[in-house]
Amino acid sequence: MSKAETNRHVRATGWASAATWGIAFLTALILLASINRGFSGLDESYYLALIVDPTRFKSNLHAFGFPFHLLFLGLGQSIVALRVTGLVLLTCSGALLGYAVKRYCKPYLPNDANPPLVLLGGLFSLTEHVMWIPTPAYNALLSISGCVLLAGALSWLSNDRDRQYRSDWIASVAVGLGGCFSFFAKPPSAMLFAIGVALLLGLSRRWTSLRTVMGRVIIVGTTCVLPLILILHITVGLGRYLEMVDQTLTVLHFNNGPLELPGRTLGELAASPAVLMVSFAAPVAMLVSMRLRRGGATAPVVARWITGLWLGVTLAFMAARIAYRAAHHATPFLYVGMPMLAVTFATMAFAFSQNRDKPAPAFIGLLGILIAIPFMSAYGSANPILVQISMWLYGPLFALVLAGRAFFSARIARAVETMGAAYVLFAICLSAALTWGLPEPVYRQTERIALPFTSDTLLVDSQTARYVADLRRIADRGQLGADTPVLDLTGSSASTALLLNDRAPFLPWVFPMFEHSAEIADAIWDSMTPAEQRSAWIIAPIDPRFGRTRVATYLTHHRHAYRIVGTTQMNFGYIDGATQRITVWQPLTEVARPGR
C-alpha cells in the first residue's frame, strides 16, 4: 500500500470512528432531553401500577415491580429519576458486557480499535427503547440482568484461559445478580440463563480446579438467592408472594409451563413463513459459503456472490418492512428482529467466504451466544417471539461488529460499526415520532402535569393533560376512597384505574386479547368480596369480549344501582388514531354512605 493510500485509509477509518462517537453522543442527548416527556395509557401505565405499589393486587403476573418499587421509593417517588436511573443502568450494563467481550476476544482481536467495544456495548443496549417506553420494566430489567450475567460468564472463561483468578469472585457476583434480577424480569428467560450457567460450570471443570468451580457455585447461589428473598421479604413477604403466584397461575391459564411453552413458541415461528423464509435461509448461505471456501480458486468468488446477494436481499427486506409500517403509522421496529438476524448471518457468511482460515471455535461460539440473546430474552413473552426479539438486538449488533473486526478490513469494519450505531439512533428517533401508546409524537409533549402517584411532573400532549385532569375531577366529584375498587372493563388501558386511585382489583389491566380473557374477568369479579362488588366503581363501555361475563350480567341487572359520575375521552395510541369515550359509573350505595 502506497503512502497516499495509507493516508486515505487512515482518514476513512478516522471519519467513521468519529461518526460513531458522534452518533452515540447524539443518541444519549436525545434520550436525556426527552426522558421527562410522555405518559402512555397502555404498557407504561401497567408498569407504573406495579412499580408504585405491587402489593395492592391479589395476583402477580410480573415480579419486576418489587425491585423497581424499592428503587422508586429510594428516588423519592420521582418518575423522571426512575427513567434516568433505568437508562443509566441499561447503558452501564451494556458497557460492562462490551468490556467482557473485549477481554474475551483479546486472542482473536488483539487491539480494541476506536470506537472501543465498551462504547458500542452501551449504545447497542439502547435497542430496548425502540418502542419508546422510557419507564423501565421487565424488558429493561431483562436487558440489564442479561448483560451483567453474560459479562460475568465471559469473565469466567477469560479467567480460565489466562489463569487469573484474583477477581473471579466479581464475575461470580455478576452472574448471581444477573440471575436474580432476570428472575424478577421474566422467569422463563431466567430458566434458560440458569441452564446455560449450569452447563458452563460443568464444562469449566475441564479448564480449572474443582475448588474454583465450587467457589463459583457458592457465590452465584448466594448472590442470586439472598437478594431475591430479601427483596420479596421487604416488599411483600415470601408467603404472600407465593399466594399471589398461585392466584395468577390458577386464574390466568397461561400456557407458559415447561411442556406447553416450547410448543407455543414453535407454533409462533411457523405462523410467520415469509419472515422465516428470508431469515433462516441466511444460515444456509453461511454454510454454503463455508463449504465453498475450501474449494478451488473460483469457489470463494461464487461464495461471495451468493452471500453478497443474500445480504442485499435481507437489507432490502428489513428496510421495506420499516418503511411499510412507518407509512401506515404503525410502530416500525416490532418486526425487524428476524431480518436483523438474517443480516447478521449473511454478513458472517460473506466474511467466511473471503477467509480460507478456519475461525477459532471459541470465537464462533461467542458469536452464536450473542445471536441467541434475542431468542433467550423473548422466550415466554405474551407477544409472539418474532415481535419481541426486536427489543434485544444488542447481541446481533455486537456479533456484526466482532465479525467485521475479525474478517474484514479496518475500513469495512468501521463502516459496519457506524451503520450499527446509526440503526440505534434511527430506531429511537423514528419510534419517538411513531410512538407506542401516545396520542402524539414525543416532540409534541409540551404541557406540564402532575401525576397523583409521583413527586414530580411530566410533559404530555394536550389530550393526555385533559384526560388526567378529567379523571382527577371525577374522583373528587365522587369522593373516591383510597381503598375503593375500580374495575376497568373497557380493556383499553391500565391508566384510568391508576389515575383514579390505583386500586384495580386482582391485576392492573383486564386485558381482552388473551384466549381466556372472559374467564379472567369472571375470576377477577369472583375474587372480590360481596362488599367490594357492591362498592366498586366501573369503567365503561364494556369490551364486547367481556359482554357475557358474570360481571357484565350483574351490571345489566343492577343498572339502577349506579350513576354516571363523569365522562372523558382519550386516544390511547398515536398508531391507530382512535379516540375512545370513557364513562365512570359509581354505585349509589357509595353516594349514600355517611359523610358523602
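A residue counts as buried when its relative accessible area is under 20%. Tyr47, at 4% relative accessibility, is therefore buried. The model described here is predicted.

**Overall make-up**

The chain contains 24 helices and six strands. It has 596 residues, of which 55% count as buried. Among the chain contacts with a separation of 6 or more, 75% are between residues 24 or more positions apart.

**Tyr47 and its surroundings**

Tyr47 belongs to helix α2. Leaving aside residues up to four places away in sequence, Tyr47 touches Phe64, Ile133, Thr135, Ala137, Tyr138 and Asn139. Ala137 is 90 residues from Tyr47 along the chain, yet their C-alpha atoms are separated by 6.1 Å. Tyr47 is also part of an aromatic cluster, in which ring pairs link it with Tyr46, Phe64, Phe68 and Tyr138.

**Packing of α2 against α3**

A pair of packed helices is described by the angle between the two axes and the distance between them. For helix α2 (residues 43–52) and helix α3 (residues 65–74), the angle is about 70 degrees and the axes are 7 Å apart. An angle of 65 to 115 degrees counts as roughly perpendicular, and α2 and α3 are therefore roughly perpendicular to each other. On the α2 side the contact is made by Leu50, Ile51 and Val52, and on the α3 side by Gly65, Phe68, His69 and Phe72. Sorted by class, five of the contact residues are nonpolar, two are polar and none is charged. Phe68, a contact residue of α3, is also a member of the ring cluster that includes Tyr47.

**Helix α5**

Which residues of α5 are buried? They are Leu117, Leu119, Leu120, Gly121, Gly122, Leu123 and Phe124. Helix α5 spans residues 117–124, and seven of its eight residues are buried, so the helix is largely enclosed by the rest of the structure.

**Aromatic pairs**

There are 14 aromatic pairs in the structure. Two of them are set out in the table.

| Aromatic pair | Centre to centre | Angle between planes | Class |
|---|---|---|---|
| Tyr108 and Phe363 | 5.6 Å | 50 degrees | tilted |
| Phe181 and Phe184 | 6.1 Å | 40 degrees | tilted |

The pair of Tyr108 and Phe363 links distant parts of the chain, its members being 255 residues apart. Tyr108 sits in the loop between α4 (79–104) and α5, while Phe363 sits in helix α15 (residues 361–378). Tyr108 has 27% relative accessibility and so counts as partly exposed. Phe363, with a relative accessible area of 3%, is buried.

Phe181 and Phe184, by contrast, both lie in helix α7 (residues 168–185), three residues apart, which is about one turn of the helix. Is Phe181 buried or partly exposed? At 23% relative accessibility, Phe181 counts as partly exposed. Phe184 is at 0% and counts as buried.

**Strands**

Strand β1 (residues 447–450) pairs with strand β2 (residues 457–460) in the antiparallel sense, over four bridges. The two strands form a hairpin, with six residues between β1 and β2.

The pairing of β3 with strand β4 (residues 537–540) is in the parallel sense and runs over three bridges. Within it, Val486 has Trp537 of β4 as its bridge partner.

**Ser517**

Ser517 is found in helix α21, which covers residues 517–527. With a relative accessible area of 3%, Ser517 is buried. Which residues does Ser517 touch, not counting those up to four places away in sequence? They are Phe511, Pro512 and Phe546.

Key. Residues numbered from 1 in each chain as written. Predicted model: local features only at pLDDT ≥ 70, side-chain atom pairs only at ≥ 80, totals over all residues. Heavy atoms only, no water. Buried < 20%, exposed > 50% of the residue type's maximum accessible area, 1.4 Å probe, protein only. Axes fitted to C-alpha atoms, helices over the stretch in contact; angles between N-to-C directions. Parallel < 35°, antiparallel > 145°, perpendicular 65-115°, else oblique. Contact = heavy atoms within 4.5 Å. Nonpolar A, V, L, I, M, F, W, Y, C, P; charged D, E, K, R; others polar. Phe/Tyr/Trp six-rings, centres within 6.5 Å; stacked < 30°, edge-to-face > 60°. Pairing = 2+ DSSP bridges.
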